[in-house]
Amino acid sequence: MILLRFTSLTFLLALSVSGAASPVDIPAPLREGLEQLRSGRYRQTLATASKLEESFPGQPLPHLIAAEAYWGMIFCQTGHITAREIWHVAKADSSEYDDEFFDAAERALAASKALRDQETTEALGDFYKGLAHGVRARLFTLREQALKSGSEGKQMREALLEAVAKDPSLEADAHAGLGAYNYYADVLSPWIKLFRFFLLMPGGDREKGLEQLQVASQKASLLAPEARYELARILGMRENRRAEALGLLQGLSDQYEENALFALAASFEAEKIGKKDVAIEYAGKAVRAATSMDDVCRMRVGDAAQQALKRLQENSGP
C-alpha cells in the first residue's frame, strides 16, 4: 500500500495495479502503530501516529490510527465499564478528546480524497474514506446519537462498496465494515429503523453481516483483529453464542496481553457460561494488564477488573 516514504508512491501505484500484493499490505512502521493501538497503549499510539504522519505524508492510515486511539481514550473515560459488564454505551455525550478525534478523522478523509483523485489509487482512497466514516459512526453509536451514526454508517457503506467494485482484493477488509452495517441495520429496534427510513439508508441482512464479519476475522489483511472483536461482541451480547464469543476474546487477549479490555471481556463471557476458573484467570490477566495501560484507562479498567476478580474469587466455592 505505502512505501517507507510518500516519495516512493510510484512503487505503491505499481503494487496496487499489478496485484502483486494486497493493497492494504502495509510496511512495518504502520503495522507497529496498529499493534500499539490494539494493545491499548493509546498515548504511545498517538506519539507514534504523529511520527508516521511525517514519514508517510498524505496517507490516511496514520490519521485513522490517531482517531482510533482517541476513540479508545474516550471509551475508557466515558464508556460503560463495570465489574460485571462492558457495553459500548457512553455515559456522556462529549469528552475532552473530542476535538482531537474529529480533527484526526477529518484529516483521514482529506488524505483519502487525494488518493481518490488518482486513478491508480482511487479504490484505496474509497476504502480509507469508508474507514474514516466508520470510526465517526462508532463514536456516535457509542453516544446513541442515531441520526449522526446512521448518516456516517451510510457513507461508510457506500465508500466500501465503491472500493470493492473497483478493486475486489479489498473485499475481505471491507467486510469488517460492511458486515457490521448489514448486521446492525437488520437488528435495530423499530424506533432506530425510523431514523434509517428518513436517512434513506439501505436495509441490512443479519446473516450476511455475520458471514462478512466471519470472513473479515479470518482473511482480512488489515482489519482482522477488529473484525474478531466486533464479531465476539455480537455473538456474546446479541446472538447468545457465548462459547464462540469467549473463544474469540480469549484469542484477542492472548495476542494483545497488555489490553485489559480484551481480558476483562473474556472473563465476563466465561462467567456467563459457567466457566468460573477461566473467568478468574482472565480477570486476573485484566488486573495485570491494566497497570500498563495509559492513565485514562488504567484507573477505570483496573478498578473494574479488580472488583470483578474479587467477586469471582469470593463466589468460586463448590
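Which residue does a disulfide join to cysteine 76? The partner is cysteine 297, with an S to S distance of 2.1 Å; a disulfide here is a pair of cysteine sulfur atoms within 2.5 Å.

Before I continue, a word on the model. It is a predicted model, in which local features need pLDDT of at least 70 and side-chain atom pairs count only at pLDDT 80 or more, while totals for chains, interfaces and linings use all residues. Residues are numbered from 1 along each chain as its sequence is written, and side-chain values use heavy atoms, with hydrogens and water left out.

The structure holds 1 disulfide. Cysteine 76 sits in helix H4 (residues 60–78) and cysteine 297 in helix H15 (residues 295–314), so the bond ties together parts that are 221 residues apart in sequence. Helices are DSSP runs of H or I, at least four residues long, numbered from the N terminus. The torsion about the S-S bond is about 95 degrees, so this disulfide is right-handed. Both cysteine 76 and cysteine 297 are buried; buried means under 20% relative accessible area, exposed over 50%, and partly exposed in between, with a 1.4 Å probe and protein chains only.

I turn next to a helix pair. Helix H11 (residues 224–237) packs against helix H12 (residues 242–255) at an angle of about 145 degrees, their axes 8 Å apart. Axes are lines fitted to C-alpha atoms over the stretch in contact, and angles run from 0 to 180 degrees between N-to-C directions. On the H11 side the contact includes Tyr229, Leu231 and Leu235, and on the H12 side Leu248, Leu249 and Leu252, where contact means heavy atoms within 4.5 Å. The residues of this contact divide into 10 nonpolar, 2 polar and 3 charged; Ala, Val, Leu, Ile, Met, Phe, Trp, Tyr, Cys and Pro count as nonpolar, Asp, Glu, Lys and Arg as charged, and the others, Gly among them, as polar.

In the loop between H11 and H12 lies asparagine 240. Its phi is near 55 degrees, a positive value in a residue other than glycine. Asparagine 240 counts as exposed, at 63% relative accessibility.

Finally, glutamate 258 is found in the loop between H12 and helix H13 (260–272). Its relative accessible area is 31%, so glutamate 258 is partly exposed. Its C-alpha atom is 4.7 Å from that of alanine 289, 31 residues away along the chain. The side chain of glutamate 258 also makes a polar contact with the side chain of arginine 41, at 2.2 Å. A polar contact is a pair of N or O atoms within 3.5 Å; within protein, one must be able to donate a hydrogen and the other to accept it, and residues adjacent in sequence count only if both atoms are side-chain atoms.

How values were computed
Helices (H or I, at least four residues) and strands (E, at least two) are DSSP runs, numbered from the N terminus.
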